[in-house]
Amino acid sequence: MRVGRVFLSLASLTLFCVAWEAGSRTGLISNRLIPAPSHVAEAAWELIGDGTLFRDIYWSGRRALVGMLTGSLLAILVGLFTGRVLFVRLLLEPVIQVLRPIPGIAWIPFAILWFGVGEVPKLFIISLGVFFPVWLATHVGVMATRSQYVEAAQSLGLGKRELFYRVVLPAALPSIVTGLRQGLAIAFILVVAAELTGASSGLGNLISQSHLTFRTDRMLVGLALLGVLGALVDFGFSRLARWLVHWD
Amino acid sequence: MAGALGLTTPAKLEIRDLSISFASTPRVHAVDKVSLAVAPGETVCLLGPSGCGKSSVLRAVAGFITPDAGEVRVDGRVVRGPGADRGMVFQEYALFPWHTVSRNIEFGLHKRIPDGEARQALVRSWIAKVKLGGFDHAYPRQLSGGMQQRVAIARALAPDPQVLLMDEPFGALDAQTRVLMQEMLEGLISESRGAVLFVTHDIDEALIVGDTLCIMSKRPGRLIETIRNPFARPRSAHIFEHSDYGPVKARIFETIRREID
């Protein structure tokens with residue numbers, strides 16, 4: 001059953017590549033604008049050979065990961081307080097709600113103005129983009145915590161601080177995990193967006209540099225990698241999520 | 001101060017002139033000057049029509065709501081908020097869904113029993129007492145309603161609270177399960193010297209569980225009658241077969257019906 005499904009997935013991907021290759025060879029698809037899979041594979045082999053491919057994957061992955069961690073840790077912390085402490089909610093929620101709809105990419109010019117070029121503006125953009133969905137999910141999850149869980153815990157002698165991590169956090173965890181998954185998707189988008197606007201490494205940079213030299217085969221290597229890596233990361237995260245909220 | 005039983009033993013739980021209202025519009029006056037006392041080892045049932053404020057009395061004793069006037073004392077000390085001296089069992093069980101049966105029962109024991117081995121032993125003994133052997137590592141969602149409520153009762157009783165508060169704990173269960181649970185509870189609390197305050201609208205249940213029945217009026221809830229349960233412990237569903245049962249129940253029913261009409 002399981003083996004069968006893996007086989008079908010591979011068959012689906014193979015069929016897609018074969019059709020694409022056939023389209024290119026018969027001239028149905030312009031090889032200049034959309035290079036055939038065999039050309040893309042060649043280009044990938046070249047990039048692996050000179051070491052740039054793994055360097056690009058490393059830098060994009062590192063930026064996405066660090067941005068994801070900073071943004072989501074901060075978001076969970078703030079969300080726990082805005083969800084549970086009325087004073088903090090009244091103080092922060094309106095500000096966050098107004099900042100939240102601003103698309104992450106809209107901050108890029110300001111990020112460059114404030115932090116120049118280099119890693120800091122990229123991490124700023126990614127963390128900021130990740131922050132809002134994770135904050136909202138935490139905030140809502142905490143607010144929706146059944147009051148009886150809190151009351152039951154208080155009757156079992158829990159103090160305020162213990163309530164936070166023994167009741168409120170686990171009660172909100174299913175919602176937080178959903179927010180983290182959205183945050184991860186946003187981190188993926190923003191790392192490429194940030195790299196497209198100025199970087200000397202990363203998959204976004206690979207695409208924009210190859211564009212300047214009209215190396216469409218290399219551009220497609222970048223796109224294909226984003227697709228495959230994105231799918232793998234999302235799959236990995238869904239496994240992690242199932243383990244984290246195993247009771248749900 | 002005499003207990004609800006009319007005995008002179010010092011009360012474990014004492015409620016004096018308790019009045020409660022809620023800040024809705026218009027303001028709801030829920031409870032009006034309720035006083036009662038529960039002796040050690042005694043179970044008092046608060047009985048009354050729905051919406052009469054009996055749950056509010058219980059929640060004030062638990063420390064979840066602050067009364068407008070009056071006070072609650074446990075062993076002579078005034079209650080100022082929730083605390084581990086008063087265990088609580090809710091109608092909807094309120095088990096922590098992220099913990100297993102054992103971890104739920106263990107939840108309130110960490111401060112009381114720092115030693116892990118001893119704590120585990122106590123948890124296991126409670127799992128046996130509520131007849132859930134083999135379900136130690138099950139999660140609440142895998143259990144039936146009756147099983148979940150047994151876990152909740154074990155969780156509340158394991159820390160050996162001075163007072164056990166039960167808010168219509170069997171209201172969500174089917175009739176047969178309810179009777180079995182009432183009988184099991186009877187057994188569990190007869191071992192303890194704590195006081196039990198049990199809220200229900202079910203007269204049959206009150207006569208199995210309660211040593212004393214306090215009947216409340218409709219809102220704003222006042223105490224209108226206190227009845228000593230004529231059936232002696234240990235009580236089970238067999239009291240229903242007793243020839244006195246019908247008249248006793250009918251008399252209580254008349255008192256409550258006057259409040260509904």
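Helices (H or I, at least four residues) and strands (E, at least two) are DSSP runs, numbered from the N terminus. What we are examining is a predicted model, in which local features need pLDDT of at least 70 and side-chain atom pairs count only at pLDDT 80 or more, while totals for chains, interfaces and linings use all residues. Residues are numbered from 1 along each chain as its sequence is written, and chains are lettered from A and ligands numbered from 1 in the order in which they are written.

Asp75(B) is not a glycine, yet its phi is positive, about 55 degrees. Asp75(B) is partly exposed, with 14 other C-beta atoms within 10 Å. Here a residue is buried if 20 or more other C-beta atoms lie within 10 Å of its own, exposed if 12 or fewer, and partly exposed in between, the C-beta atoms being placed from the backbone. Another residue other than glycine with a positive phi is Asp17(B), with a value near 50 degrees. Asp17(B) sits in strand 1 (residues 13–22) of chain B, and it is exposed, with 12 other C-beta atoms within 10 Å.

Let us now look at the sheet around these residues. In chain B, four strands form an open sheet in the order 2-1-4-5, with antiparallel pairing. Two strands pair if DSSP finds at least two bridges between them. At the edges are strand 2 (28–38) and strand 5 of chain B, each pairing on one side only. Two bridges link strand 4 to strand 5 of chain B in the antiparallel sense, and Arg73(B) stands opposite Val78(B) in strand 5 of chain B. Helix 1 (residues 54–62) of chain B packs on this sheet, where it touches strand 1, strand 2 and strand 4 of chain B. The direction of helix 1 makes about 115 degrees with that of strand 1 of chain B. Axes are lines fitted to C-alpha atoms, for helices over the stretch in contact, and angles run from 0 to 180 degrees between N-to-C directions. Two residues are in contact if their C-beta atoms, placed from the backbone, lie within 7 Å.

I turn to another sheet of chain B. In what order do its six strands stand? The order of this open sheet is 6-7-8-3-9-10, and the pairing is mixed. Strand 6 (86–89) and strand 10 (223–228) of chain B stand at the edges with a single partner strand each, so one side of each has no neighbour in the sheet. From one strand to the next, the twist averages 20 degrees.

Both senses of pairing can be followed here. Strand 7 (residues 163–167) and strand 8 (residues 195–200) of chain B run parallel and are joined by five bridges; Val163(B) has Ala195(B) of strand 8 as its bridge partner. Strand 9 and strand 10 of chain B run antiparallel, also joined by five bridges, and Leu213(B) stands opposite Ile227(B) in strand 10. A hairpin of six residues connects strand 9 to strand 10 of chain B. In the loop between these two strands lies Pro220(B), which is joined to Arg219(B) by a cis peptide bond with omega of about -5 degrees. A cis peptide bond also joins Arg233(B) and Pro234(B), with omega about -5 degrees; Pro234(B) is in the loop between strand 10 and helix 7 of chain B. Helix 7 (residues 245–260) of chain B then lies across strand 9 (212–216) and strand 10, at about 25 degrees to strand 9 of chain B.

How do the two chains meet? In all, 19 residues of chain B are in contact with 10 residues of chain A. On the side of chain B that touches chain A, strand 6 of chain B gives the most, with three residues. That side has 13 nonpolar, three polar and three charged residues. For these classes, Ala, Val, Leu, Ile, Met, Phe, Trp, Tyr, Cys and Pro count as nonpolar, Asp, Glu, Lys and Arg as charged, and the others, Gly among them, as polar.

I close with chain A. Helix 2 (residues 37–49) and helix 10 (residues 216–244) of chain A pack at about 85 degrees, their axes 8 Å apart.
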